[in-house]
Amino acid sequence: MAVKALARHGVGSEPRAARPGGGAAHLFAADGADGPILIKVWADADRAARQVRRQRQVARALSAGACRAPGVLFYDEACRAMGMPRIDGMDLAALWREGHADVPDLAGRWLRAYHGVTLRPCPFDPTGQVNWLSRLIEAVLTRQRNIPGPDGFAKAARGVQAMAGGVTGRASARAVTHRDMTLSNLMLDRDGTIWGLDFENKREDEPLRDVFTLTLDLMTHNGQDGDGAVARLVQSYGAADGTDPAVRLFLQGCFCLWVWANTPMTPSARQLRRLGVADNLLQRTTPVI
Ligand SMILES: Nc1ncnc2c1ncn2[C@@H]1O[C@H](COP(=O)(O)OP(=O)(O)OP(=O)(O)O)[C@@H](O)[C@H]1O
Ligand SMILES: [Mg+2]
């Protein structure tokens with residue numbers, strides 16, 4: 001598909017598999033007329049169209065400065081193949097594993113720019129979260145949903161629900177979130193520009209959801225000072241979001257419960273590490289995000 005798409009779009013070299021197999025999309029590297037390109041080929045046509053549409057929007061909104069998204073060079077619908085400039089750098093997950101200390105600041109800076117495009121202040125309404133937690137508690141206790149420690153989950157979820165009254169109407173914000181905001185969806189190039197990748201969502205949501213998923217990534221990777229890293233993430237993200245600390249703590253609890261509710265009975269090592277972080281954060285009485 002990448003070969004066919006390249007031929008039709010008149011660019012240079014034979015594509016080479018950049019990341020074969022596995023995921024929902026395959027990536028191929030090639031040399032385009034104006035430099036190296038990356039071709040993302042999806043199995044699913046609807047997903048391809050959604051991602052391409054959203055990447056076009058984000059690339060337009062973040063087209064200058066130190067925080068950007070790669071533009072779409074071409075989209076071949078029949079091949080479900082999108083061409084974009086290939087970023088000459090490393091993703092932040094790899095940099096973090098290598099001990100690159102700036103990663104939390106870089107991630108916070110990019111996310112602040114991204115949310116900044118759509119961010120709007122808004123009084124907090126926890127109704128959606130409270131109802132979602134009620135449905136989860138029911139599903140877990142009746143074993144329609146099998147997760148580790150169902151009774152502990154129900155207790156913790158009721159504890160978070162009980163905070164709802166105290167957070168209603170407090171300062172918070174809404175923004176179009178990334179919804180897959182992992183360190184591997186951010187790259188740093190040789191000029192110090194930070195690039196976001198892998199866009200799809202176009203709906204408004206709690207912006208702190210993205211801060212939380214970055215927090216999980218920062219805290220689950222080996223050997224670093226997790227709390228210090230998250231403090232740096234939040235500080236560099238910070239001013240973009242004026243959310244009340246009580247709302248932050250409530251949302252932090254909800255996001256931790258989301259991790260727990262999505263942990264299978266026999267978790268992988270990664271799922272287990274994420275559950276460990278969520279469990280740790282659920283015990284906190286002050287927000288880290
Ligand atoms: N334009 C690019 N230039 C350089 N490297 C890229 C580029 N786009 C993606 N990559 C690399 O490939 C990896 C996977 O890309 P991407 O996040 O788009 O795919 P994915 O996570 O498999 O997508 P999906 O979640 O849609 O299945 C990234 O983490 C990054 O390391
Ligand atoms: Mg990705």
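In this predicted model, Arg80 counts as buried because 22 C-beta neighbours lie inside 10 Å, and a residue is buried at 20 or more. Arg80 sits in the loop between strand 5 (74–76) and strand 6 (81–85). The phi of Arg80 is positive, about 50°, although Arg80 is not a glycine. Most residues other than glycine have a negative phi.

A positive phi also occurs at Arg143, where the value is near 60°. Arg143 belongs to the loop between helix 5 (127–141) and helix 6 (150–161). Arg143 has 9 other C-beta atoms within 10 Å and is therefore exposed, the limit for this class being 12 or fewer.

The domain assignment divides the protein chain into domain 1 (2–86) and domain 2 (92–282). The centres of domain 1 and domain 2, taken over C-alpha atoms, are separated by 28 Å. Contacts between them involve twelve residues of domain 1 and 13 residues of domain 2. On the side of domain 1 that touches domain 2, helix 2 (45–61) and strand 4 (67–68) each supply at least two residues. Helix 2 gives the largest share of this side, six residues. By class, this side of domain 1 has seven nonpolar, two polar and three charged residues.

Helix 10 comprises 17 residues (residues 245–261). At 1.5 Å a residue, helix 10 should span 24 Å, and its end C-alpha atoms are 24 Å apart, so the two values agree.

Terms used
Residues numbered from 1 in each chain as written. Chains lettered and ligands numbered in written order. Predicted model: local features only at pLDDT ≥ 70, side-chain atom pairs only at ≥ 80, totals over all residues. Helix = DSSP H or I, 4+ residues; strand = E, 2+ residues; numbered from the N terminus. Expected span 1.5 Å × (residues − 1). Domains from an automatic or database assignment. Contact = placed C-beta atoms within 7 Å. Nonpolar A, V, L, I, M, F, W, Y, C, P; charged D, E, K, R; others polar.
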